[in-house]
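Hello,

Here is the structure I promised to pass on. Please open it alongside this note, and then read on for what turned up.

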Amino acid sequence: ASASCDNNVLFMEMMNSEAEKLGLVVLFHEKPFKGINGNGKHNNWSVGTDTGINFFYPGKTDEERLCFVTGIAALAYGLKEYNELV
């Protein structure tokens, strides 16, 4: 799954780079214009443990909700600090 995601990101970056050389823009939106379907290209990802805990699942218990909030806070901080790597 990681390799597929990496390939998907690389493809999207290459498409943007090649389009820019031609003075064009690539839209990866699922519906870029009213009445016209797009490609909706995107990646899904999650963060979890080897025991099956998903940090981005809100859960039903206080402990699970704390894990979720902590995961979202860590993601937000990481994006703020290292956004140029994304």
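One cut-off first: a residue counts as buried when its relative accessible area is under 20%, as exposed when that area is over 50%, and as partly exposed in between. Please also bear in mind that this is a predicted model.

Overall picture

By that cut-off, 9% of the 86 residues of the protein are buried. The secondary structure comes to two helices and zero strands. The radius of gyration is 17 Å, well over the 12 Å that the globule rule gives for 86 residues, so the protein is more spread out than a compact globule. The C-alpha trace spans about 50 × 30 × 25 Å along its principal axes.

Helix H1

H1 covers residues 2-21, 20 residues in total. From first C-alpha to last it reaches 29 Å, close to the 28 Å expected at 1.5 Å a residue. Which residues of H1 are buried? They are Asn 8, Met 12 and Ala 19. Viewed down the axis of H1, these buried residues fall within an arc of 40°, so they line one face of the helix. The other side of H1 has exposed residues: Ser 2, Ala 3, Asp 6, Asn 7, Glu 20 and Lys 21. Just after H1, Gly 23 has a positive phi of about 75°.

The second largest pocket

This pocket holds about 180 Å³ of space. Its lining consists of Val 9, Met 12, Glu 13, Asn 16, Phe 28, Lys 41, His 42 and Asn 43. By type, the lining residues divide into three nonpolar, three polar and two charged. Note Met 12: it is one of the buried residues of H1, and it also lines this pocket.

Loop and tail

Leu 27 sits in the loop between H1 and helix H2 (62-82). Its relative accessibility is 43%, so Leu 27 counts as partly exposed. Leu 27 and Cys 67 are 40 residues apart in sequence, and their C-alpha atoms are 35 Å apart in space.

Asn 83 lies in the segment after H2. Asn 83 is partly exposed too, because its relative accessible area is 47%. Between Asn 83 and Tyr 57 there are 23 Å in space, C-alpha to C-alpha, and the two are 26 residues apart in sequence.

Over to you.

Best wishes

Technical notes: Residues are numbered from 1 along each chain as its sequence is written. This is a predicted model: local features need pLDDT of at least 70, side-chain atom pairs count only at pLDDT 80 or more; totals for chains, interfaces and linings use all residues. Side-chain values use heavy atoms; hydrogens and water are left out. On a 1 Å grid over the protein atoms alone, a cavity is a set of points where a 1.4 Å probe fits but cannot get out, and a pocket is an open set with protein on both sides within 12 Å along at least five of seven lines; lining residues have an atom within 4 Å of a point. Grid points are joined across faces, edges and corners, and a volume is the space filled by probe spheres set on the points. Ala, Val, Leu, Ile, Met, Phe, Trp, Tyr, Cys and Pro count as nonpolar, Asp, Glu, Lys and Arg as charged, and the others, Gly among them, as polar. Helices (H or I, at least four residues) and strands (E, at least two) are DSSP runs, numbered from the N terminus. The expected span of a helix is 1.5 Å times one less than its number of residues. Buried means under 20% relative accessible area, exposed over 50%, partly exposed in between (1.4 Å probe, protein chains only). The arc is that of the directions from the helix axis to the C-beta atoms. The radius of gyration is taken over C-alpha atoms; the globule rule is 2.2 Å times the number of residues to the power 0.38.
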